[in-house]
Amino acid sequence: MDPRLNFALEKLRRTLEAARRYGLDVSIVAVDASGHIIAAARRDLTSAASFEAARKKAFTAAAMKMPTAALTEMIANDPVSLRALQANPDLLAVPGGFPLVLDGVCIGGIGISGGAWHDDQMVGAEAMDHAGP
């Protein structure tokens, strides 16, 4: 199997495990560097809207090559950048999106949605910070 896909699947699995531990009903979407969905998972009681938000967070993290939480902070006092982001309906600058970086290269992104934004960020950060794949 492609090592990039293995990496993305492992991060998705770790994120789902973290969500289970905290009892959070979330959707998790992994995209490749072009923003195409390569894997997805969700908890049983997750809302339908959370899947699309997770996809947009993953796309944003991949496109900007940075966590959406960092992007949110970066544009907090920059109305021009905020308007530019809002002009693209596929971008969502809300915490819970993370770039997938393998061997120093951004290969895609992963997005988490369904909890409060800080819960989405917490489970994703835990999974991304885990050593190994």
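Leaving aside neighbours within four places in sequence, which residues is Ser27 in contact with? Select Ser27 and look around: Ala41, Arg42, Thr46, Ser47, Ser50, Phe51, Ala54, Gly111, Ile112 and Ser113 are in contact with Ser27 (contact means heavy atoms within 4.5 Å).

A note before moving on. This is a predicted model, where local features need pLDDT of at least 70 and side-chain atom pairs count only at pLDDT 80 or more, while totals for chains, interfaces and linings use all residues. Residues are numbered from 1 along each chain as its sequence is written, and side-chain values use heavy atoms, with hydrogens and water left out.

Stay on Ser27. Ser27 counts as buried because its relative accessibility is 0% (buried means under 20% relative accessible area, with a 1.4 Å probe and protein chains only).

Next, select residues 97-102 and 105-113. These are strands S3 and S4, antiparallel and joined by six bridges (strands are DSSP E runs of at least two residues, helices H or I runs of at least four; two strands pair with at least two bridges). Pick Leu100: its bridge partner in S4 is Gly108. Then go to Asp103 in the hairpin, where phi is positive, near 55°.

Finally, zoom out. The protein has five helices and four strands, in the order α-β-β-α-α-α-β-β-α. Buried residues make up 44% of its 133 residues.

Notes. Buried < 20%, exposed > 50% of the residue type's maximum accessible area, 1.4 Å probe, protein only.
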